[in-house]
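Subject: Structure handover and notes

Hello,

Please find the structure below, followed by notes on what turned up in it. Could you look through them when you have time?

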4 protein chains.
Amino acid sequence: MGIIAPPSLPKPFAATALVRGGGWRGRSVRVASIKAGASWEEEKPREECGVVGIYGDPEASRLCYLALHALQHRGQEGAGMVTVHNNVLQSITGVGLVSDVFSESKLDQLPGSLAIGHVRYSTAGQSMLKNVQPFVAGYRFGSVGVAHNGNLVNYRTLRSELEESGSIFNTTSDTEVVLHLIATSKHRPFILRIVDACEKIQGAYSIVFLTEDKLVAVRDPFGFRPLVMGRRSNGAVVFASETCALDLIEATYDREVFPGEVIVVDKNGLQSLCLMTHPQPKQCIFEHIYFALPNSVVFGRSVYDSRRQFGEILATESPVDCDVVIAVPDSGVVAALGYAAKAGVPFQQGLIRSHYVGRTFIEPSQKIRDFGVKLKLSPVRAVLEGKRVVVVDDSIVRGTTSSKIVRLLKEAGAKEVHMRIASPPIIGSCYYGVDTPSSEELISNRMSVEEIRDFIGSDSLAFLPFDSLKGCWGMTLPISAMPVSLGITLWNPGSLRSRGLGTLSTMD
Amino acid sequence: MGIIAPPSLPKPFAATALVRGGGWRGRSVRVASIKAGASWEEEKPREECGVVGIYGDPEASRLCYLALHALQHRGQEGAGMVTVHNNVLQSITGVGLVSDVFSESKLDQLPGSLAIGHVRYSTAGQSMLKNVQPFVAGYRFGSVGVAHNGNLVNYRTLRSELEESGSIFNTTSDTEVVLHLIATSKHRPFILRIVDACEKIQGAYSIVFLTEDKLVAVRDPFGFRPLVMGRRSNGAVVFASETCALDLIEATYDREVFPGEVIVVDKNGLQSLCLMTHPQPKQCIFEHIYFALPNSVVFGRSVYDSRRQFGEILATESPVDCDVVIAVPDSGVVAALGYAAKAGVPFQQGLIRSHYVGRTFIEPSQKIRDFGVKLKLSPVRAVLEGKRVVVVDDSIVRGTTSSKIVRLLKEAGAKEVHMRIASPPIIGSCYYGVDTPSSEELISNRMSVEEIRDFIGSDSLAFLPFDSLKGCWGMTLPISAMPVSLGITLWNPGSLRSRGLGTLSTMD
Amino acid sequence: MGIIAPPSLPKPFAATALVRGGGWRGRSVRVASIKAGASWEEEKPREECGVVGIYGDPEASRLCYLALHALQHRGQEGAGMVTVHNNVLQSITGVGLVSDVFSESKLDQLPGSLAIGHVRYSTAGQSMLKNVQPFVAGYRFGSVGVAHNGNLVNYRTLRSELEESGSIFNTTSDTEVVLHLIATSKHRPFILRIVDACEKIQGAYSIVFLTEDKLVAVRDPFGFRPLVMGRRSNGAVVFASETCALDLIEATYDREVFPGEVIVVDKNGLQSLCLMTHPQPKQCIFEHIYFALPNSVVFGRSVYDSRRQFGEILATESPVDCDVVIAVPDSGVVAALGYAAKAGVPFQQGLIRSHYVGRTFIEPSQKIRDFGVKLKLSPVRAVLEGKRVVVVDDSIVRGTTSSKIVRLLKEAGAKEVHMRIASPPIIGSCYYGVDTPSSEELISNRMSVEEIRDFIGSDSLAFLPFDSLKGCWGMTLPISAMPVSLGITLWNPGSLRSRGLGTLSTMD
Amino acid sequence: MGIIAPPSLPKPFAATALVRGGGWRGRSVRVASIKAGASWEEEKPREECGVVGIYGDPEASRLCYLALHALQHRGQEGAGMVTVHNNVLQSITGVGLVSDVFSESKLDQLPGSLAIGHVRYSTAGQSMLKNVQPFVAGYRFGSVGVAHNGNLVNYRTLRSELEESGSIFNTTSDTEVVLHLIATSKHRPFILRIVDACEKIQGAYSIVFLTEDKLVAVRDPFGFRPLVMGRRSNGAVVFASETCALDLIEATYDREVFPGEVIVVDKNGLQSLCLMTHPQPKQCIFEHIYFALPNSVVFGRSVYDSRRQFGEILATESPVDCDVVIAVPDSGVVAALGYAAKAGVPFQQGLIRSHYVGRTFIEPSQKIRDFGVKLKLSPVRAVLEGKRVVVVDDSIVRGTTSSKIVRLLKEAGAKEVHMRIASPPIIGSCYYGVDTPSSEELISNRMSVEEIRDFIGSDSLAFLPFDSLKGCWGMTLPISAMPVSLGITLWNPGSLRSRGLGTLSTMD
């Protein structure tokens, strides 16, 4: 689930951006899945999941568990894993963090050298446990497990069609239709069933599948969501949403799974085929703005570099006289460092983030002002007192958190507070998005920049200009430039089906 | 799931009985689902579940919870409930006892006036949580919940057929095929979908279904498993596996759901139709021997009366000189009272059952002899010392528990121990059964009565003669005798379909 | 804690009995610790604890755990154990059942061949965890653990005296003063410290102590609470509140710890000394009426025999024309069997007890009549309908439960209900008792037998006559008859102290 | 418990510093309580606790809970709170984080306007639950609760003396002797009992006490551990280990509790008396180096300023040609910013800290190199590749973590790694310390700086020079400079006792 755009619309840049005509709303981005909530960070755009797949390691479940831990920032509400042992798929899923869901004894129940895993951002109530992925289903020729990051825009249509022909649904997740499409495919080889399914679904999907003997990774033609591939020194193949997961389990980063690519890993090695090429991939810019870890390489580019550059642009385009540059931690830090360096002003830790803020906190009935923000962020008077402060944040959604932060800084003695935002204004939810708040809740949809500045109470406010963002990001990873260093032959699925799977060259 | 027989075989008596030719194995019964295990009682035949359905009470979930508690003896491993609120089905399921799975706050999450519930006997591991019923599925025209007691003998065939046409399966339970059959029915009215499904499934099934606006109860044509109907004073309709559930929630027992009957309860009242009549219902005799509570009325007959009569028959047919009659508690008590009364010998509590034996107990490495039995049963020396003791148990499966009990009694001073079993020898698992141990494990399958007596070390041994069992039980509840006191009109589903549902007369 | 009497009052019989002058209240007993509560059985007199001590078995903690399980009926609210390993006392305590508090891994944390354990009846809230015994304290010469069954009547006086000299208290338990008295004793040998402490405390106490190298068992001079001694075949010595604990761990019952006796077990063997003899032991009759298991031998007499005799007396002294005799399970069963046998009327299971009633149950807002009783007890219509029923219970406290049971039986069809109580009327809490309800709550304190009969709605009512109880019980175990079969030399502690411990003869 | 020094030794600087003669070990500090452990951060010096006290707020428990949360970095292993309601002390303690131990319903069990609380760094096993503070005890004149940060050096002597006179001990904590000393004091007024106790204990103690009507804060004469006082706008008085706790609950910082001061808060207002002045307070420098949060003011000085200055000194005294300055997060960040600013080299986030590392993580059997460090710290290749890197950490204990970090950085592409440590070498545990590892484990005790550099594999290594530390820190808060703005009259306890408490002037 996540940020998506219609596959048919030719768009100049990222899938999440809608270029409008002139005026203050003209340069802004759309984002899906902003979760309402009182506390700090819940107002941020939310990434919905991280996926992992491992083939060929005798400790697949332990490595998968660590890789999921490395992707924990992409989803803290639920986690799960499926492995294969003696030709049977074993599954454990649960609500909570990876370290809550899995224990030594649980991992011992998941032997085998194949595994897929998933972390999920939102699971409401115990009865929603069944929405925690990976899902597993039995079908005509065996069992299949699936873990999905993304959002299918034609889910309701597909579900209706499937229900009309008698399918029953156990979850409210769009991922379940993929299983049904695989099961109802007229083809026998698993890979052709995958191709059949992918030709029907539209939207954002980075998916890993597991069968009794295969690991399959698929990415939608636009490449909305990231998915990378690496190898361990013992030859095991690893797929993951971000490179940080490869790093932790000592897998070397090979390359992205390309937009529109299907990679099958089994005893014959790796096979790749190209589902559908698209001249303009639409990778979600919010991965670089907010979702991914700065030590990850996403869409072939360092997240750290992106954020630093965003900060530098802000310093160049929206300079202000100031004494100190601070960040709203953690995701604003790298942009703030870029700003400070470019502006030649010292960066300081003006806000300290607590490591111990959990799900809920009990507030006294005599309300503490800006309680939610204060639990997480503490201003440092020694840095702020009497200073003109530039504070860099990654985005503004509803604006309420920003106004609390400005107040916090001023109460701690800041003489001036200049807010700099390392993303363009967010003016609407993604066109095909599902889990988004109404556009009315987005402050950039209702107010001009000056009105927002007034609302949050800062002395100045500037967003990352959309054109600069576009310029700095550039056109990454055109499909024609896909490396073939792994000896992968690209296939057109049409020809594949006409010739049959047996003619696929294999390698490794 | 449970004890079943082929619907096509004309059988003289109950579904679980196989009459063999002459010899010592000739008069015996088959039983399904005997669970292996070291501890006492795990050797007993196991009942697989209890079901509840409630229509029209504003506190449906609380009543369902209490009714499930009353049926707790039918399954202690998992429990679940589905209710309807604002046209949406809500479900909570969990591993453990009813009182573990549900709390005040959980029940508050289940508002509405319709509910179905289920208690389950066996759920292995957390990953098996998804096998805990009721199951809920979405299909073309809405959602349906299902709770099932019984065992479908053509499950594998049906599953294969469904998978061939593209269905996917989320559990390993036979109950899931019923949902698929409902979803793939060509008919629109829910009741006709039910009829379609029931015409395809074979075996034992007492099922309650829930939709957004209907409660449906179904019993297979042989009536293997019990299912009763009652009403509360506010008009709410209650279905339950045993009458003890009605008693606790102050519902008056109306009658059994008849073999082959479908009862639909909705805003139009009750509608009954007859799926398929069968001249010889095959109600499972083990309900009266072991499964049901003695205060229940099962198959229209008091369980207490049955057990007392079994004991009286044993006293008549297998008398022995003795000083005291004792029972293996709890299920042997009533038969022992019958034996004692008939024999004119005092009944005493020679074995005390512990109330605190839970799932696992830790044994010292210096093994305690007959540890598992001793944890549960304590002999009373004051009753046994120097006495000739008749001990009445309900059944013998593997024989190992019986031998431990005989040893326990002799060590506590019993001069003679005469074992009387209130059921015929169990010589095989049910012909169509699934979850049964191999026949080789059944001691009556391998040994003559005298050999068993020698094995368990008792001074004499006698089983309930099969013919006497048959005689005392009689032919209960012929389909032609079905009362129509509720104003229910019986329908033939064929005519129903030709005429459409709209013509169904309604009542209440 | 428990039922106690002033040591100075010469009383004709048991400590709990107060003989009044003529009139309907003249023959009755006092009882301590009747817990208020809505549900069935909570109205019963409550036993407060069970204690265990084990010396000389390499698996002391596992055996102690099993022995505590056998005593679980004496206290379900908390459990704990202390063992000695490498001269250090290790302790684990917790809220809940023995099987909840201890697991395999917890027992592995309790190595060593010495152990004491405790089960406790009442622990309110988490903060009361510290009131769960055994208590452990460090003092001048090492550490000591203590587990106590009974009730000290001069606790407040002793605590005040200790506090005046600077002692601090960590619990609200009377047991803690014993630790302080041991610590403040002027003597060096542990046994003399014990003697010092016991000379100061008054009331009911059956205590086991543990030090780095000793196990000590003590019983107060009146012998209010039971305490028995046994041996395992490997020579290990076991103390326990009831013989049922010895039975489970295959220890042979030797004898009671005598009233006023201190038994020390260490590497020198067993040493016994006599604290203080008393011509009239005052053993609590409620152990035989209600607290102990029928398979236990308590105060040297079979509990089963006592209860059967109580029933026979009732049948003789309060006969009535009836068709069936039933019991309120479980503690009324043996008396009911005695009644039925003497009266020549069949005993039947007219009330079935549920095995699954836990701590709390959620009741619908549309109240179910007699909800608490119905959850636990189900009437059997097949036994009761149209019958004149004698129902035997062990006691009547407030009378509300009895009235519910009578109503339950009549609603199930009983034509007449005759209540027979296997104890005298309870007219007051024990003179020195502490945790007792006010006398006003005791129905026998407020009403005559006829008034009670009218209140509970039975057709007749009779209690066990006090004089018959006295007669049947007799004078058990006069101190002069103490066996010396173990080669134990009895000591007068005065001479002991004058001669010093070194001169104690040892054995085994 | 913590870092301590003999009160009798005149020392030039902080209690934890031992100045040696010439040579490489001559300028270094001693530190207590370094916990062994495989994972990152466990090698760091550990602060043992944080304390909170609140008087006069109707929501004392909720505020105490939030203040403990703000101090969570001082102890994550256990938390507890005591409040007063209706003259009774209520206590809840538990193992884990503040948010684990307390819930809405738990806090509801702690009504009242007085509270003290504690967070604790180490509690081994469930049986150690009783070592979680605050402790509560009953004594002659009531109850007292105590929460203690520090370490008493004469604990064993005091415990022996107390045991000799009959005291028993329930914990292994030095804090318990304080309760005994209060209980055994010959004085009646609580404040004189406190004075009596404090005159006997030696070592480090910042303590808050609670009685039925008083809150008392005490700090040892050397002021080893911090303790501050503040007020809420409603007049409630708050004590806490660090000012960050005041900030969260909107209490204004008044001042430190002075070394040797006792402050009593009750219905008469605040009373202060001076236990014992000392010319040279010995505040623990590790509060500024490592323990406290940078947004706190500790010993009257901003922690942030201290750390930044430490970094600046390092840049001045140990410069090196480099391209980037990075920190080992979190405690090295501020010093790294100081270093970078002084050196004129950009600061970057070269190491990212994970927010999700909990207690234990499961490692594959095919070991991952530097597993523990990698779970917590991820290098950013975009920052490091090809660069000459200065990395600033707060301290080196065993040196193993430092060597892993150097390796991590080099593997991520760093051309050179220059380690700068913002504290002097730690060469021994504090002279009077208790819970410290052997000196042999401290790498600075065994090796010269060059040998350490070689061991950790860095290209250069420098520590904060001891004399510079001394210079920058200065002499803070001489006792003669204590403000009297609150109208507090300072008392000499000797004169207090001679005159009696009644003559104390009160205020507010």
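D:Pro134 sits in the loop that runs between β6 (114–120) and β7 (135–139) of chain D. The peptide bond leading from D:Gln133 into D:Pro134 is cis, its omega near 0°. Another cis peptide bond links D:Pro329 to D:Asp330, with omega about -5°. D:Asp330 belongs to the loop between β18 (324–327) and α10 of chain D.

A word on conventions: this is a predicted model, in which local features need pLDDT of at least 70, side-chain atom pairs count only at pLDDT 80 or more, and totals for chains, interfaces and linings use all residues. Residues are numbered from 1 along each chain as its sequence is written, while chains are lettered from A and ligands numbered from 1 in the order in which they are written.

Chain A as a whole

Chain A holds 17 helices and 24 strands. Of its 508 residues, 59% are buried (20 or more other C-beta atoms within 10 Å of the residue's own; 12 or fewer is exposed, and anything in between is partly exposed, with C-beta atoms placed from the backbone). Taking contacts in chain A between residues at least 6 apart in sequence, 71% join residues at least 24 apart. Two residues are in contact if their C-beta atoms, placed from the backbone, lie within 7 Å.

Chains D and A

The contact between these chains involves 45 residues of chain D and 45 residues of chain A. On the chain D side, at least two residues each come from α1 (60–70), α3 (104–108), α7 (243–248), α9 (303–317), α10 (333–343), β20 (377–379) and α12 (381–384). That side of chain D comprises 26 nonpolar, twelve polar and seven charged residues. Nonpolar covers Ala, Val, Leu, Ile, Met, Phe, Trp, Tyr, Cys and Pro, charged covers Asp, Glu, Lys and Arg, and the others, Gly among them, are polar.

Chains C and B

Here 45 residues from chain C meet 45 residues from chain B. The side of chain C that touches chain B divides by class into 26 nonpolar, twelve polar and seven charged residues.

A helix pair in chain D

Helix α5 (residues 175–184) and helix α6 (residues 190–200) of chain D pack at an angle of about 130°, their axes 8 Å apart. Axes are lines fitted to C-alpha atoms, for helices over the stretch in contact, and angles run from 0 to 180 degrees between N-to-C directions. The two helices, α5(D) and α6(D), are therefore oblique to each other (under 35 degrees is roughly parallel, over 145 roughly antiparallel, 65 to 115 roughly perpendicular, and the rest oblique). On α5(D) the contact is made by D:Val178, D:Leu181 and D:Ile182, and on α6(D) by D:Arg193, D:Ile194, D:Asp196, D:Ala197 and D:Lys200. Five of these contact residues are nonpolar, none polar and three charged.

Single residues

- C:Arg74, in the loop between α1 (60–70) and β4 (78–85) of chain C, is buried, with 26 other C-beta atoms within 10 Å. Its C-alpha atom is 7.6 Å from that of C:Ala292, 218 residues away along the chain.
- B:Asp370 is not a glycine, yet has a positive phi of about 55°. B:Asp370 lies in the loop between β19 (351–353) and α11 (371–376) of chain B and is partly exposed, with 18 other C-beta atoms within 10 Å.
- C:Asn87, also not a glycine, has a positive phi of about 70°. C:Asn87 is in the loop between β4 and β5 (88–95) of chain C and is exposed, with 11 other C-beta atoms within 10 Å.

Regards

Technical notes. Helices (H or I, at least four residues) and strands (E, at least two) are DSSP runs, numbered from the N terminus.
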